Amino acid sequence: MGADMNTDAELGWKYKPNLNLKTWGLEGEVRFRTNEDGVLPHTEKPNTEKRHVLLVGDSTVIGRHVPEGKRLHDWLQKELSQDVSSPVSVVNLAVEGYSTDQSLVRLERMIERYQPEVVIYGFCLNDLSQNRVSVAWGVPKLRYAWQGDELIKVIPTQSAKNLEFGKTAFRKWLNQSALFQMVKGPLKKMLGSAQEPAGVGVTDHFNLFYFDAEQTKDPIPWKLFDGLLSKMSTLVRSRQAKFLLYGHPDALAVWKPYREEMATAKQLASFSPLRAEKKLIEFLGDEGIFCPMVERMAAHPEKGPYHLIPYDAHA
(Lines give C-alpha, C1' and ligand atoms only; values in the text may rest on other atoms or scores of the structure.)
Protein backbone atom coordinates (compact mmCIF):
# COMPACT_ATOMS: atom_id res chain seq x y z
CA MET A 1 0.00 0.00 0.00
CA GLY A 2 2.82 2.40 0.83
CA ALA A 3 4.24 2.25 -2.70
CA ASP A 4 0.88 3.06 -4.28
CA MET A 5 -0.69 5.55 -1.89
CA ASN A 6 -0.37 8.97 -0.30
CA THR A 7 -2.11 9.88 2.95
CA ASP A 8 -5.06 12.26 2.86
CA ALA A 9 -6.63 14.13 5.79
CA GLU A 10 -10.18 13.28 4.67
CA LEU A 11 -9.96 10.26 2.40
CA GLY A 12 -7.34 8.46 4.46
CA TRP A 13 -5.47 7.26 1.38
CA LYS A 14 -5.36 7.93 -2.36
CA TYR A 15 -3.19 6.88 -5.26
CA LYS A 16 0.00 8.81 -5.79
CA PRO A 17 0.21 10.97 -8.93
CA ASN A 18 2.33 9.84 -11.87
CA LEU A 19 2.76 6.28 -10.63
CA ASN A 20 4.58 3.79 -12.83
CA LEU A 21 4.66 0.45 -11.02
CA LYS A 22 5.12 -3.14 -12.15
CA THR A 23 3.87 -6.11 -10.14
CA TRP A 24 2.94 -9.69 -10.95
CA GLY A 25 -0.53 -11.20 -10.97
CA LEU A 26 -2.18 -14.42 -12.11
CA GLU A 27 -2.04 -13.24 -15.72
CA GLY A 28 1.59 -12.15 -15.59
CA GLU A 29 2.96 -8.63 -15.36
CA VAL A 30 0.62 -5.93 -14.08
CA ARG A 31 1.56 -2.36 -14.85
CA PHE A 32 -0.15 0.37 -12.86
CA ARG A 33 0.27 3.97 -14.03
CA THR A 34 -1.59 7.09 -12.92
CA ASN A 35 -1.75 10.63 -14.27
CA GLU A 36 -1.03 13.90 -12.44
CA ASP A 37 -4.25 13.49 -10.41
CA GLY A 38 -3.55 9.90 -9.40
CA VAL A 39 -6.27 8.53 -11.70
CA LEU A 40 -6.34 6.19 -14.70
CA PRO A 41 -5.50 6.15 -17.53
CA HIS A 42 -2.11 7.75 -17.05
CA THR A 43 -2.36 9.53 -20.40
CA GLU A 44 -5.53 11.43 -19.46
CA LYS A 45 -5.28 15.21 -19.06
CA PRO A 46 -7.84 17.23 -17.06
CA ASN A 47 -9.60 20.35 -18.30
CA THR A 48 -9.63 19.34 -21.95
CA GLU A 49 -12.34 19.69 -24.55
CA LYS A 50 -12.89 15.94 -24.71
CA ARG A 51 -16.10 14.35 -23.49
CA HIS A 52 -15.62 12.36 -20.30
CA VAL A 53 -17.19 9.42 -18.49
CA LEU A 54 -16.04 9.06 -14.87
CA LEU A 55 -15.89 5.81 -12.91
CA VAL A 56 -15.86 5.99 -9.11
CA GLY A 57 -15.83 3.20 -6.56
CA ASP A 58 -13.69 0.55 -4.93
CA SER A 59 -11.15 -2.13 -5.83
CA THR A 60 -13.61 -3.93 -8.11
CA VAL A 61 -13.79 -0.78 -10.25
CA ILE A 62 -10.11 0.18 -10.33
CA GLY A 63 -8.81 -3.35 -11.06
CA ARG A 64 -5.44 -2.76 -9.44
CA HIS A 65 -4.40 -6.37 -10.06
CA VAL A 66 -5.76 -6.55 -13.62
CA PRO A 67 -3.26 -6.12 -16.48
CA GLU A 68 -3.16 -2.73 -18.14
CA GLY A 69 -5.54 -2.55 -21.07
CA LYS A 70 -7.97 -5.07 -19.54
CA ARG A 71 -9.49 -2.97 -16.74
CA LEU A 72 -13.11 -1.87 -16.59
CA HIS A 73 -12.43 1.59 -18.01
CA ASP A 74 -10.46 0.00 -20.87
CA TRP A 75 -13.43 -2.22 -21.75
CA LEU A 76 -15.83 0.70 -21.65
CA GLN A 77 -13.46 2.90 -23.65
CA LYS A 78 -13.33 0.32 -26.44
CA GLU A 79 -17.11 -0.05 -26.52
CA LEU A 80 -17.70 3.71 -26.65
CA SER A 81 -15.06 4.16 -29.33
CA GLN A 82 -17.06 1.85 -31.58
CA ASP A 83 -20.53 3.21 -30.81
CA VAL A 84 -20.10 6.96 -30.19
CA SER A 85 -19.37 9.38 -33.02
CA SER A 86 -17.30 11.98 -31.14
CA PRO A 87 -14.32 10.98 -28.93
CA VAL A 88 -15.09 10.04 -25.32
CA SER A 89 -12.50 9.42 -22.61
CA VAL A 90 -13.28 7.08 -19.71
CA VAL A 91 -11.49 8.18 -16.52
CA ASN A 92 -11.21 5.86 -13.52
CA LEU A 93 -11.24 7.62 -10.12
CA ALA A 94 -11.77 4.44 -8.09
CA VAL A 95 -9.42 3.49 -5.24
CA GLU A 96 -8.85 0.19 -3.44
CA GLY A 97 -10.73 -0.07 -0.18
CA TYR A 98 -12.98 2.94 -0.69
CA SER A 99 -16.47 3.12 0.81
CA THR A 100 -19.29 5.34 -0.48
CA ASP A 101 -18.27 8.35 1.63
CA GLN A 102 -14.72 8.33 0.26
CA SER A 103 -15.98 7.88 -3.30
CA LEU A 104 -18.28 10.87 -2.83
CA VAL A 105 -15.46 13.16 -1.70
CA ARG A 106 -13.15 11.85 -4.42
CA LEU A 107 -15.82 12.75 -6.98
CA GLU A 108 -16.39 16.18 -5.44
CA ARG A 109 -12.71 16.97 -5.91
CA MET A 110 -12.46 15.75 -9.50
CA ILE A 111 -15.78 16.52 -11.15
CA GLU A 112 -14.85 20.07 -12.16
CA ARG A 113 -11.48 19.01 -13.53
CA TYR A 114 -12.97 16.41 -15.87
CA GLN A 115 -16.50 17.80 -16.41
CA PRO A 116 -18.13 14.45 -17.19
CA GLU A 117 -21.26 13.80 -19.18
CA VAL A 118 -21.76 10.52 -17.30
CA VAL A 119 -20.68 9.32 -13.83
CA ILE A 120 -20.80 5.61 -12.97
CA TYR A 121 -20.57 4.48 -9.34
CA GLY A 122 -19.75 0.83 -8.69
CA PHE A 123 -19.36 -0.87 -5.31
CA CYS A 124 -19.69 -4.03 -3.21
CA LEU A 125 -22.05 -4.47 -0.26
CA ASN A 126 -19.14 -4.51 2.20
CA ASP A 127 -18.36 -0.91 1.20
CA LEU A 128 -21.69 0.14 2.68
CA SER A 129 -20.86 -1.18 6.12
CA GLN A 130 -17.53 0.66 6.03
CA ASN A 131 -19.47 3.93 5.66
CA ARG A 132 -20.09 3.73 9.42
CA VAL A 133 -16.47 3.69 10.53
CA SER A 134 -13.85 6.40 11.00
CA VAL A 135 -10.90 4.00 10.74
CA ALA A 136 -10.60 1.46 7.94
CA TRP A 137 -7.70 -0.93 7.33
CA GLY A 138 -5.87 0.81 10.18
CA VAL A 139 -6.10 4.27 8.56
CA PRO A 140 -8.28 7.19 9.78
CA LYS A 141 -10.89 8.33 7.24
CA LEU A 142 -13.85 10.68 7.10
CA ARG A 143 -17.38 9.48 7.63
CA TYR A 144 -20.84 11.01 7.48
CA ALA A 145 -23.43 10.98 10.25
CA TRP A 146 -27.06 12.02 10.47
CA GLN A 147 -27.74 15.15 12.50
CA GLY A 148 -31.49 15.39 12.48
CA ASP A 149 -32.44 15.31 8.79
CA GLU A 150 -29.03 16.52 7.63
CA LEU A 151 -26.03 14.39 6.71
CA ILE A 152 -22.90 15.93 8.27
CA LYS A 153 -19.29 15.22 7.29
CA VAL A 154 -17.15 14.09 10.23
CA ILE A 155 -13.44 14.73 9.67
CA PRO A 156 -10.93 12.42 11.44
CA THR A 157 -9.41 13.89 14.59
CA GLN A 158 -6.16 12.16 13.72
CA SER A 159 -4.50 11.48 10.40
CA ALA A 160 -2.03 8.87 9.27
CA LYS A 161 1.51 10.25 9.10
CA ASN A 162 2.31 7.42 6.74
CA LEU A 163 0.60 4.27 5.55
CA GLU A 164 3.09 1.72 6.82
CA PHE A 165 1.08 0.94 9.96
CA GLY A 166 -1.96 0.21 7.79
CA LYS A 167 0.04 -1.80 5.29
CA THR A 168 -0.22 -5.19 7.00
CA ALA A 169 -3.98 -5.00 7.50
CA PHE A 170 -4.60 -3.76 3.98
CA ARG A 171 -2.43 -6.37 2.30
CA LYS A 172 -3.92 -9.08 4.49
CA TRP A 173 -7.37 -8.02 3.32
CA LEU A 174 -6.32 -8.08 -0.32
CA ASN A 175 -4.71 -11.48 -0.07
CA GLN A 176 -7.55 -13.04 1.88
CA SER A 177 -10.23 -11.61 -0.36
CA ALA A 178 -8.54 -12.80 -3.56
CA LEU A 179 -8.35 -16.38 -2.34
CA PHE A 180 -11.73 -16.25 -0.66
CA GLN A 181 -13.59 -14.88 -3.65
CA MET A 182 -12.20 -17.56 -5.94
CA VAL A 183 -13.24 -20.31 -3.54
CA LYS A 184 -16.12 -19.17 -1.37
CA GLY A 185 -17.54 -15.82 -2.48
CA PRO A 186 -16.68 -12.15 -2.23
CA LEU A 187 -17.90 -10.87 1.08
CA LYS A 188 -17.31 -13.21 3.99
CA LYS A 189 -14.00 -11.78 5.17
CA MET A 190 -13.81 -8.46 3.33
CA LEU A 191 -14.13 -6.46 6.56
CA GLY A 192 -11.94 -8.61 8.74
CA SER A 193 -9.35 -5.84 9.23
CA ALA A 194 -11.70 -2.87 9.49
CA GLN A 195 -12.64 -1.29 12.81
CA GLU A 196 -16.40 -1.35 13.32
CA PRO A 197 -18.80 -0.25 16.05
CA ALA A 198 -19.12 -2.63 18.97
CA GLY A 199 -21.53 -5.47 18.33
CA VAL A 200 -21.15 -5.52 14.56
CA GLY A 201 -19.97 -8.87 13.21
CA VAL A 202 -18.78 -9.55 9.69
CA THR A 203 -18.33 -13.29 9.24
CA ASP A 204 -21.45 -14.37 7.36
CA HIS A 205 -23.67 -11.33 7.70
CA PHE A 206 -23.45 -10.12 4.11
CA ASN A 207 -24.04 -13.60 2.74
CA LEU A 208 -27.00 -14.18 5.05
CA PHE A 209 -28.52 -10.93 3.79
CA TYR A 210 -29.77 -12.81 0.71
CA PHE A 211 -31.71 -15.38 2.70
CA ASP A 212 -35.10 -14.98 4.37
CA ALA A 213 -35.28 -11.54 6.00
CA GLU A 214 -37.27 -13.03 8.89
CA GLN A 215 -34.43 -15.41 9.70
CA THR A 216 -31.52 -13.02 9.28
CA LYS A 217 -30.69 -9.51 10.41
CA ASP A 218 -29.93 -6.97 7.69
CA PRO A 219 -26.31 -5.89 8.37
CA ILE A 220 -26.28 -2.95 5.97
CA PRO A 221 -26.80 0.70 7.08
CA TRP A 222 -29.16 1.50 4.22
CA LYS A 223 -30.29 4.90 5.51
CA LEU A 224 -26.72 6.18 5.57
CA PHE A 225 -26.05 4.78 2.11
CA ASP A 226 -29.26 6.35 0.83
CA GLY A 227 -28.12 9.77 2.07
CA LEU A 228 -24.67 9.42 0.53
CA LEU A 229 -26.13 8.19 -2.74
CA SER A 230 -28.48 11.17 -2.83
CA LYS A 231 -25.54 13.53 -2.31
CA MET A 232 -23.62 11.88 -5.11
CA SER A 233 -26.50 11.92 -7.59
CA THR A 234 -27.34 15.54 -6.71
CA LEU A 235 -23.73 16.55 -7.34
CA VAL A 236 -23.68 14.78 -10.70
CA ARG A 237 -27.01 16.17 -11.88
CA SER A 238 -26.01 19.70 -10.81
CA ARG A 239 -23.33 19.44 -13.53
CA GLN A 240 -25.98 18.37 -16.09
CA ALA A 241 -24.45 14.89 -16.18
CA LYS A 242 -26.13 11.49 -15.98
CA PHE A 243 -25.65 9.22 -12.96
CA LEU A 244 -25.40 5.43 -13.30
CA LEU A 245 -25.22 2.97 -10.42
CA TYR A 246 -24.36 -0.71 -10.19
CA GLY A 247 -23.53 -3.13 -7.39
CA HIS A 248 -20.80 -5.69 -8.03
CA PRO A 249 -22.70 -8.99 -7.67
CA ASP A 250 -21.86 -11.21 -4.73
CA ALA A 251 -20.79 -14.76 -5.53
CA LEU A 252 -23.74 -15.96 -3.49
CA ALA A 253 -26.17 -14.20 -5.84
CA VAL A 254 -24.70 -15.50 -9.09
CA TRP A 255 -23.04 -18.79 -8.17
CA LYS A 256 -25.42 -21.65 -7.33
CA PRO A 257 -22.88 -24.13 -5.84
CA TYR A 258 -21.80 -21.64 -3.18
CA ARG A 259 -25.41 -20.70 -2.47
CA GLU A 260 -26.36 -24.34 -1.89
CA GLU A 261 -23.38 -24.83 0.40
CA MET A 262 -24.33 -21.79 2.48
CA ALA A 263 -27.99 -22.83 2.70
CA THR A 264 -27.04 -26.30 3.92
CA ALA A 265 -24.47 -25.07 6.44
CA LYS A 266 -26.78 -22.43 7.94
CA GLN A 267 -30.02 -24.42 7.56
CA LEU A 268 -31.65 -21.64 5.58
CA ALA A 269 -34.26 -22.13 2.91
CA SER A 270 -35.68 -19.01 1.30
CA PHE A 271 -33.22 -17.15 -0.93
CA SER A 272 -33.52 -13.93 -2.93
CA PRO A 273 -30.59 -13.26 -5.30
CA LEU A 274 -32.11 -9.92 -6.32
CA ARG A 275 -32.62 -8.60 -2.78
CA ALA A 276 -29.68 -6.18 -2.95
CA GLU A 277 -30.54 -4.94 -6.45
CA LYS A 278 -34.14 -4.30 -5.43
CA LYS A 279 -32.91 -2.20 -2.52
CA LEU A 280 -30.64 -0.19 -4.81
CA ILE A 281 -33.42 0.48 -7.29
CA GLU A 282 -35.64 1.63 -4.42
CA PHE A 283 -33.08 4.10 -3.10
CA LEU A 284 -31.96 5.41 -6.47
CA GLY A 285 -35.50 6.17 -7.60
CA ASP A 286 -35.49 8.73 -10.41
CA GLU A 287 -32.13 10.21 -9.37
CA GLY A 288 -30.19 8.07 -11.81
CA ILE A 289 -30.06 4.89 -13.88
CA PHE A 290 -29.53 1.49 -12.26
CA CYS A 291 -27.55 -1.15 -14.16
CA PRO A 292 -28.68 -4.67 -13.11
CA MET A 293 -26.09 -7.44 -13.35
CA VAL A 294 -27.18 -10.45 -11.29
CA GLU A 295 -29.61 -12.12 -13.70
CA ARG A 296 -27.34 -11.77 -16.72
CA MET A 297 -24.36 -13.25 -14.88
CA ALA A 298 -26.37 -16.05 -13.28
CA ALA A 299 -27.84 -17.06 -16.65
CA HIS A 300 -24.59 -18.70 -17.79
CA PRO A 301 -22.98 -20.49 -14.82
CA GLU A 302 -20.81 -22.53 -17.18
CA LYS A 303 -18.86 -19.32 -17.91
CA GLY A 304 -18.13 -18.62 -14.24
CA PRO A 305 -19.73 -16.21 -11.76
CA TYR A 306 -18.18 -12.98 -13.12
CA HIS A 307 -17.82 -13.66 -16.84
CA LEU A 308 -19.29 -10.31 -17.96
CA ILE A 309 -16.62 -8.13 -16.32
CA PRO A 310 -12.78 -8.08 -16.47
CA TYR A 311 -11.19 -11.07 -14.81
CA ASP A 312 -9.83 -10.04 -11.41
CA ALA A 313 -8.79 -12.70 -8.89
CA HIS A 314 -9.37 -10.17 -6.12
CA ALA A 315 -12.88 -9.20 -7.23
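Predicted model: local features only at pLDDT ≥ 70, side-chain atom pairs only at ≥ 80, totals over all residues.
**Notebook: helix H10 and the cysteines**

I started just past H10, where Gly 285 has a positive phi of about 55°. Helices here are DSSP runs of H or I with at least four residues, strands are runs of E with at least two, and both are numbered from the N terminus.

Residues are numbered from 1 along each chain as its sequence is written, and side-chain values use heavy atoms, with hydrogens and water left out.

Next I looked up H10 itself, residues 275-284. Its buried residues are Arg 275, Ala 276, Glu 277, Leu 280, Phe 283 and Leu 284. Buried means under 20% relative accessible area, exposed over 50%, and partly exposed in between (1.4 Å probe, protein chains only).

What do the buried residues of H10 pack against? I found strands S7 (118-123), S12 (242-247) and S13 (289-290), plus helices H4 (125-130), H7 (222-238) and H11 (294-298). Contact means heavy atoms within 4.5 Å.

Then I checked the cysteines. Searching the whole structure for disulfides (cysteine sulfur pairs within 2.5 Å) gave me zero. Cys 124 is buried at 3% relative accessible area, while Cys 291 counts as partly exposed at 24%.

Last, the whole chain. I noted eleven helices and 13 strands, and 53% of the 315 residues count as buried. Of the contacts between residues at least 6 apart in sequence, 70% join residues at least 24 apart.
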